[in-house]
Amino acid sequence: METSARTGRPHVTARTAAVWAVLRRELHRQDGRELTVLDVGGGTGGFAVPLAEAGHTVTVIDASPDALAALTRRAADAGVADRVRAVQGDGDALATLVEPGSADLVLCHSVLEVVDDPSGVVTAIAAALRPGGAVSVLVASRAAAILGRAVNGHLRAAAALVTDPAGRAGPRDTLLRRYDAAGAGDLLTAAGFQVEETHGVRVIADLLPAAVLEEDSQAVLELEMELSSREPFRDIASQLHLFARRS
């Protein structure tokens with residue numbers, strides 16, 4: 001799902017459908033209970049506003065004041081300003097920004113690749129969750145980055161990604177690290193989480209020309225969802241989505 005700039009209502013797209021499918025299952029599991037949600041690095045509210053529209057209270061933590069200003073406007077336009085709170089802060093400082101045991105669900109999307117201490121962030125997320133609470137983690141895939149650079153002729157960068165311990169293409173890489181499913185799972189397990197689901201996100205959506213995406217978006221979405229949980233397709237997606245629960 002992505003959200004309408006006018007209403008904030010979610011629209012299913014191939015790029016985020018796998019993530020929303022997992023989140024919808026968790027909301028259904030909670031049987032309509034109002035959840036306290038924490039969105040770390042939630043930016044302009046692509047996930048936060050739809051969750052607020054669904055009746056949940058969402059706190060978005062982001063380092064960018066411009067993104068948080070856009071979030072505030074988006075929430076107001078959608079009529080859920082009272083359910084969305086914006087907090088400026090860095091992911092590495094999460095432990096100082098959130099009350100322990102205060103959240104039912106945490107979103108941590110595209111954060112662990114850029115923070116200085118991913119283990120510390122995951123530990124802080126575990127502390128922020130109530131027992132039985134869940135985390136939705138979205139990380140950049142090393143395999144996708146390798147293939148992407150290779151097919152575009154950047155063979156040295158692809159080779160660097162293969163051998164670099166953090167999955168970086170070199171000193172100019174904008175990300176500090178990339179993950180495979182096992183590595184991301186180990187990070188969560190070490191913090192006391194049990195990984196329940198792992199999916200690939202943007203398995204084919206990033207490979208197709210815009211014309212194909214626009215011509216038959218429903219077929220793309222259906223194929224994306226079909227491949228998202230199937231190996232080896234899952235593992236070559238642009239991002240990996242792990243859903244885990246605190247013991």
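Mentor: Let us begin with a term: a salt bridge is a side-chain nitrogen of Lys or Arg within 4 Å of a carboxyl oxygen of Asp or Glu. Please keep in mind that this is a predicted model.

Trainee: How many salt bridges does a search of the whole structure find?

Mentor: The general idea is that side chains of opposite charge can pair when their charged atoms come close. In this structure, the search gives 13 salt bridges. One of them joins Arg33 to Asp104, with the closest N and O atoms 3.6 Å apart.

Trainee: Which parts does the pair of Arg33 and Asp104 tie together?

Mentor: Arg33 belongs to the loop between helix H1 (17–29) and strand E3 (36–40), whereas Asp104 belongs to strand E6 (residues 103–109), so the pair links parts 71 residues apart in sequence. As for accessibility, Arg33 is partly exposed at 39%, while Asp104 is buried at 9%.

Trainee: What is the distance between the closest N and O atoms in the salt bridge of Arg245 with Glu196?

Mentor: For Arg245 and Glu196 the distance is 2.8 Å. Arg245 sits in strand E9 (residues 239–246) and Glu196 in strand E8 (residues 193–201); the pair therefore ties together parts that are 49 residues apart in sequence. Arg245 counts as buried at 10% relative accessibility, and Glu196 is partly exposed at 41%.

Trainee: Where is Arg234 placed, and what surrounds it?

Mentor: Arg234 is in the loop between helix H10 (217–227) and E9. Its side chain makes a polar contact of 2.9 Å with the side chain of Asp235. Leaving aside residues up to four places away in sequence, Arg234 touches several others, among them Ala181, Thr198, His199 and Leu240.

Trainee: Let us turn to the nonpolar residues. How many residues does the largest nonpolar core have?

Mentor: In soluble globular proteins, nonpolar side chains tend to be buried together. Here the largest nonpolar core has 31 residues, and those with the most contacts inside it are Leu38, Leu94, Leu112, Ile125, Val135 and Phe193. At least two residues of this core come from each of E3, E6, helix H5 (118–128), strand E7 (129–140), helix H8 (181–190) and E9. H5 provides the largest share, 6 residues.

Trainee: Which residues does Leu112 touch, not counting those up to four places away in sequence?

Mentor: The residues touched by Leu112 are Pro118, Val121, Val122, Val137, Val139, Arg177, Tyr179 and Leu187. Another core, of 27 residues, lies apart from the largest one and includes Val19, Leu23, Leu68 and Val80.

Trainee: Which residues form a nonpolar patch on the surface?

Mentor: Leu147, Phe233 and Ile236 form such a patch, and together they have about 240 Å² of accessible area. Leu147 is located in helix H6 (residues 142–151). With a relative accessible area of 42%, Leu147 is partly exposed.

Note on methods: Residues are numbered from 1 along each chain as its sequence is written. This is a predicted model: local features need pLDDT of at least 70, side-chain atom pairs count only at pLDDT 80 or more; totals for chains, interfaces and linings use all residues. Side-chain values use heavy atoms; hydrogens and water are left out. Helices (H or I, at least four residues) and strands (E, at least two) are DSSP runs, numbered from the N terminus. Buried means under 20% relative accessible area, exposed over 50%, partly exposed in between (1.4 Å probe, protein chains only). A polar contact is a pair of N or O atoms within 3.5 Å; within protein, one must be able to donate a hydrogen and the other to accept it, and residues adjacent in sequence count only if both atoms are side-chain atoms. Contact means heavy atoms within 4.5 Å. A nonpolar core is a set of buried Ala, Val, Leu, Ile, Met, Phe, Trp, Tyr and Cys residues joined through side-chain atoms within 4.5 Å. Patches are made of residues with over 30% relative accessible area and no salt bridge: like charges are joined within 9 Å, nonpolar side chains (Val, Leu, Ile, Met, Phe, Trp, Tyr) within 5 Å. Accessible areas come from the Shrake-Rupley method with a 1.4 Å probe; for residues, only the protein chains shown count as cover.
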